[in-house]
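Please work through the exercises below slowly, with the structure open beside you, and try each task before you read its solution.

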Amino acid sequence: MISVSEIEKRFGALDVLKSISAQFETGRSYALIGPNGSGKTTLIKCILGMVVPDRGKIEVDGESILGQWAYRKMIGYMPQIGRYPDNMTIGQLFEMIKDLRSDSKAIDEELIEGFGLDKMMNKRMHTLSGGTRQKVSAALAFLFKPKVFILDEPTAGLDPLAVEVIKEKILKEMGDNKIFIITSHVLSDLDELSSHALYLDNGSLIYNDSIALLKEETGEVKLGKAIATIMRRTQNNVTV
């Protein structure tokens, strides 16, 4: 379980996260939703230890992550934009990551094959399209069979077939001992892949509960329309 307690983060005069508290429990998939600049990426980076909060604490399985790094081994992270050495081939990149994680014996190469990356291992990273880079990032996130998946816009830039490949993989990997945290502006994808939703707006956590309850409270059957209802209520200073 990942526990986030009263996290605050400020960049200059901008309050990016305002006393955010949430728990991410095993066996659940969480949709992290919010407009651009709402604090989603900063929250993710805090969980990953890439950004240190000004206040509050984050715990993984009851242990604080402050000053720690070993917990990251259980996380598969797919960034929205993957940045890799330009002159390295796809094959060299995967071998380098495997060498860095040589203690991890369990390897999952299903997405490498599903995306057809095994047929282009000699291609250099600087020659790849944005969509192919996304495929590489996705395959790396699943490579070591992590218990926690943090996927930032996992379907962005992918062709329709690749979108179905990664969605099928996510659904296949969901289980009692895993946590998924997924951000996307394609709310229909999140509706299909998530059981719970966190909605951030202007650094504040507006909603944090099941998607089923959200739909019931808003009277909507689709996540997109339910979120739109929350946004309208927020603009009028009324939250769910």
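The model is a predicted one, in which local features need pLDDT of at least 70, side-chain atom pairs count only at pLDDT 80 or more, and totals for chains, interfaces and linings use all residues. Residues are numbered from 1 along each chain as its sequence is written, and side-chain values use heavy atoms, with hydrogens and water left out.

**Exercise 1.** Find out which residues of α1 are buried.

Solution. Helices are DSSP runs of H or I with at least four residues, numbered from the N terminus, and buried means under 20% relative accessible area (1.4 Å probe, protein chains only). Helix α1 covers residues 40-48, and seven of its nine residues are buried. These are K40, T42, L43, I44, C46, I47 and L48. After the helix comes G49, which has a positive phi, near 80°.

**Exercise 2.** Classify the ring pairs F24 with Y30 and F142 with F149.

Solution. Rings of Phe, Tyr and Trp (its six-membered ring) pair if their centres lie within 6.5 Å, and planes under 30 degrees apart count as stacked, over 60 as edge-to-face and the rest as tilted. This rule gives three aromatic pairs. For F24 and Y30 the centres are 5.0 Å apart and the planes stand at 80°, so this pair is edge-to-face. For F142 and F149 the centres are 4.6 Å apart and the planes stand at 35°, so this pair is tilted. Ring pairs also link F142, F149 and F180 into a cluster.

**Exercise 3.** Locate R101 relative to the ring of F144.

Solution. A charge sits over a ring if NZ of Lys or CZ of Arg is within 6 Å of the ring centre and within 35 degrees of the ring normal. R101 lies over the face of F144, at 4.4 Å from the ring centre.

Technical notes: Buried < 20%, exposed > 50% of the residue type's maximum accessible area, 1.4 Å probe, protein only. Helix = DSSP H or I, 4+ residues; strand = E, 2+ residues; numbered from the N terminus.
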